[in-house]
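Dear colleague,

Please find below the structure that I am handing over to you.

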Amino acid sequence: MRVVALVALCAALGGCASVTRGTTETISVASTPSGAEATISGLEAPMTCTTPCSFVAKRNADISVTVEKPGYETQIIPLTKDIPAAGAAGFAGNIIAGGLIGMGVDAATGAATDHKPNPVIVTLQPKMAAPVARAQRPPRRSAPPPAHPEAGT
């Protein structure tokens, strides 16, 4: 009976980082100049927002942010996942409260991780003007070779 109660308690408290940090986070996107279109992929449903903006993402999502604005080079920023001190402490708290079940929940939800960089700050570079092609000149004709007088005339 004690074993069943202990397993139920571990299941209820499982995922200490999930409890203390949650399974989602808010990510901010800013650009210079502002007013660029940011397309976020890796979410359950891709979304677009105009910078500056923010969105909520699951901590275990593989996210990429594409920032574009007419007249500027498009920039793609892949976000990485990092375990900050708070996430590591929450994950380690499973030893006390959640046991293996809590560690499994935290690992599956990514509750111990944060996306980096956050905020996403992009400085857009102006597109270079295409070089103007010069009109092609026809090749120069060289003067015809001097005529040699025919022999015997």
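Predicted model: local features only at pLDDT ≥ 70, side-chain atom pairs only at ≥ 80, totals over all residues.

Three strands form an open sheet in the order 4-1-9, and their pairing is mixed. Strand 4 and strand 9 (120-123) are its edge strands, each pairing on one side only. On average, neighbouring strands of this sheet are turned by 25° against each other, direction ignored. Strand 1 (residues 24-32) runs antiparallel to strand 4, and the two pair over six bridges. Within this pairing, Thr 26 has Val 56 of strand 4 as its bridge partner.

The disulfide

The structure contains one disulfide. Cys 49 and Cys 53 form this disulfide, with their sulfur atoms 2.0 Å apart. Both Cys 49 and Cys 53 are buried.

The salt bridges

Side chains of opposite charge can pair when their charged atoms come close. In this model the count comes to three salt bridges.

One of them joins the side chains of Glu 44 and Lys 58, at 2.8 Å from N to O. Glu 44 lies in the loop between strand 2 (37-41) and strand 3 (47-50), whereas Lys 58 lies in strand 4, so the pair ties together parts that are 14 residues apart in sequence. Glu 44 is exposed, with a relative accessible area of 69%, while Lys 58 counts as partly exposed at 43%.

A further salt bridge is made by the side chains of Asp 114 and Arg 59, with an N to O distance of 2.5 Å. Because Asp 114 belongs to strand 8 (residues 114-116) and Arg 59 to the loop between strand 4 and strand 5, this pair ties together parts that are 55 residues apart in sequence. Asp 114 is buried, with a relative accessible area of 13%. Arg 59 also counts as buried, at 7% relative accessibility; the cut-off for this term is under 20%.

Lys 81 and Asp 62 form another salt bridge, in which the closest N and O atoms are 2.8 Å apart. Lys 81 is located in strand 7 (residues 80-82) and Asp 62 in the loop between strand 4 and strand 5, so parts that are 19 residues apart in sequence are tied together by this pair. Lys 81 is partly exposed, with a relative accessible area of 38%, and Asp 62 is exposed, with a relative accessible area of 59%.

Ile 63

Where does Ile 63 lie? Its place is in the loop between strand 4 (53-58) and strand 5 (64-68). Is Ile 63 buried or exposed? Ile 63 counts as buried because its relative accessibility is 3%.

Ile 63 and Ser 41 are 22 residues apart in sequence, yet the distance between their C-alpha atoms is 5.7 Å. Ser 41 is also among the residues that Ile 63 touches, leaving aside those up to four places away in sequence. Other residues in this set include Ile 40, Gly 42 and Leu 43, as well as Ile 27, Phe 55 and Ala 57. Ile 77, Pro 78 and Leu 79 are in contact with Ile 63 too, and so is His 115.

With kind regards

Notes
Residues numbered from 1 in each chain as written. Heavy atoms only, no water. Helix = DSSP H or I, 4+ residues; strand = E, 2+ residues; numbered from the N terminus. Buried < 20%, exposed > 50% of the residue type's maximum accessible area, 1.4 Å probe, protein only. Contact = heavy atoms within 4.5 Å. Salt bridge = Lys/Arg side-chain N within 4 Å of Asp/Glu carboxyl O. Pairing = 2+ DSSP bridges. Axes fitted to C-alpha atoms, helices over the stretch in contact; angles between N-to-C directions. Disulfide = S-S within 2.5 Å.
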